[in-house]
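Please follow this explanation with the structure open beside the text.

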Amino acid sequence: MKRIQFLNAPMDSATMAETVTVIRDHIKGGHFLQHVVVNVAKLVNMQRDAELADSVKACDIINIDGKGVVWGARACGHDIPERVAGVDLFHELLAMSAEQQFSVFLLGAKPEVVARTAEVVQKQNPQLNVAGYHHGYFWDDEQAVVEKIKASGAQLLFVAITSPKKENFINRWQDQLGVNFVMGVGGTFDVVAGKVKRAPKWMQNAGLEWLYRVLQEPGRMWKRYLVTNSRFAYLLMKERMTNR
């Protein structure tokens, strides 16, 4: 796993298998790991949001989730073996946790969504120990939720809250969570629970997951992706001209 710098942001050039192995070995050794993924939107927002940038830079593993970031980094001369999508890593880590007898805690989404997610992942991984779960609407008493997570004895914590809230929450409370590994998983619980459909494989491979989301929720998503994709194209062009 190699750390690179792209658009003033650190990120790791790694495969899915390498990432899972590093996480497994650190948990077995009793060490703490803070994980995050970066995509086009997060990379663009980091340019203007200093708190988000600091929260991302504090992480031990920074996987490249977005295809646009993979292609952009490659265009600037970086060797990126593959995309490590957060939702796929989530499932890989659950399977690994079931095999290694690691316990997990699910945090985020609406109450019915996180409950359904816990039910689904338990069925998919019968040996998995789901130590607990809690919805993502707890901002009036973060301390109570942190104490609940610590009391559960979970070793892995998955946080399904929107960016930058999840990154800043994780960075703010990391020393008090009592877990060995924490990862922000964005809208993953909505996908697992069946509330939101994930883009077909061909769209994932073509880097068009953002378009699929716009087609699903045009009123809410079109402006967000228009702004971030346009800004990313400008930043990428600037980066390539600077490095010539």
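Two strands are taken to pair if DSSP finds at least two bridges between them. With that rule applied to this predicted model, 6 strands form an open sheet in the order S4-S3-S8-S7-S5-S6, and the pairing is parallel. Strand S4 (61–64) and strand S6 (129–134) stand at the edges of the sheet, and because each has a single partner strand, one side of each is left without a neighbour there. From one strand to the next the twist averages 20°.

Helix H1 (residues 16–28) lies across S3, S4, strand S7 (156–160) and strand S8 (181–184), with a direction at about 160° to S4. Helix H7 (residues 142–152), in turn, lies across strand S5 (103–108), S6 and S7, and runs at about 165° to S5.

Gln-5 stands opposite Pro-10 in S2. The hairpin that S1 and S2 make has 2 residues between the strands, and one of them, Leu-7, takes a positive phi near 55°. Asn-8 also lies in the loop between S1 and S2, and has a positive phi of about 65° although it is not a glycine. With a relative accessible area of 62%, Asn-8 is above the 50% cut-off and therefore counts as exposed.

S1 and S2 come up again when helix H4 (residues 67–75) is considered. Which residues of H4 are buried? They are Val-69, Val-70, Gly-72 and Ala-73, and the buried residues of H4 pack against S1, S2, S3, helix H2 (40–46), S4 and H12. After H4 comes Gly-77, whose phi is positive, near 95°.

Two packed helices are described by the angle between their axes and the distance between the axes. For helix H3 (residues 50–57) and helix H8 (residues 165–173), the axes come within 9 Å and cross at roughly 60°, which makes H3 oblique to H8. The crossing in which H3 passes H8 is left-handed. On the H3 side the contact is made by Glu-51, Leu-52, Ser-55 and Val-56, and on the H8 side by Glu-167, Asn-168, Asn-171 and Arg-172. Sorted by class, the contact of H3 with H8 has 2 nonpolar, 3 polar and 3 charged residues.

Helix H11 (residues 209–216) and helix H12 (residues 218–242) have axes that come within 6 Å and cross at roughly 150°, and H11 and H12 are therefore roughly antiparallel to each other. Their crossing, too, is left-handed. Trp-210, Arg-213, Val-214, Leu-215 and Gln-216 of H11 meet Pro-218, Arg-220, Met-221, Trp-222, Arg-224, Tyr-225 and Asn-229 of H12. By class, the residues in the contact of H11 with H12 divide into 7 nonpolar, 2 polar and 3 charged.

Thr-117, which lies in helix H6 (residues 111–124), has a relative accessibility of 0% and so counts as buried. Leaving aside residues up to four places away in sequence, Thr-117 touches Leu-106, Phe-189, Val-192 and Ala-193.

Most residues other than glycine have a negative phi, and most peptide bonds are trans. Against that background, Gln-101 can be noted for a positive phi near 65° in a residue other than glycine. Gln-101 is placed in the loop between helix H5 (86–100) and S5, and is exposed because its relative accessible area is 70%. A cis peptide bond, with omega about 5°, joins Ser-163 and Pro-164, and Pro-164 lies in the loop between S7 and H8.

Terms used. Residues are numbered from 1 along each chain as its sequence is written. This is a predicted model: local features need pLDDT of at least 70, side-chain atom pairs count only at pLDDT 80 or more; totals for chains, interfaces and linings use all residues. Side-chain values use heavy atoms; hydrogens and water are left out. Axes are lines fitted to C-alpha atoms, for helices over the stretch in contact, and angles run from 0 to 180 degrees between N-to-C directions. Helices (H or I, at least four residues) and strands (E, at least two) are DSSP runs, numbered from the N terminus. Angles under 35 degrees count as roughly parallel, over 145 as roughly antiparallel, 65 to 115 as roughly perpendicular and the rest as oblique. A crossing is left-handed if the near helix is turned anticlockwise from the far one by less than a right angle, and right-handed if clockwise. Contact means heavy atoms within 4.5 Å. Ala, Val, Leu, Ile, Met, Phe, Trp, Tyr, Cys and Pro count as nonpolar, Asp, Glu, Lys and Arg as charged, and the others, Gly among them, as polar. Buried means under 20% relative accessible area, exposed over 50%, partly exposed in between (1.4 Å probe, protein chains only).
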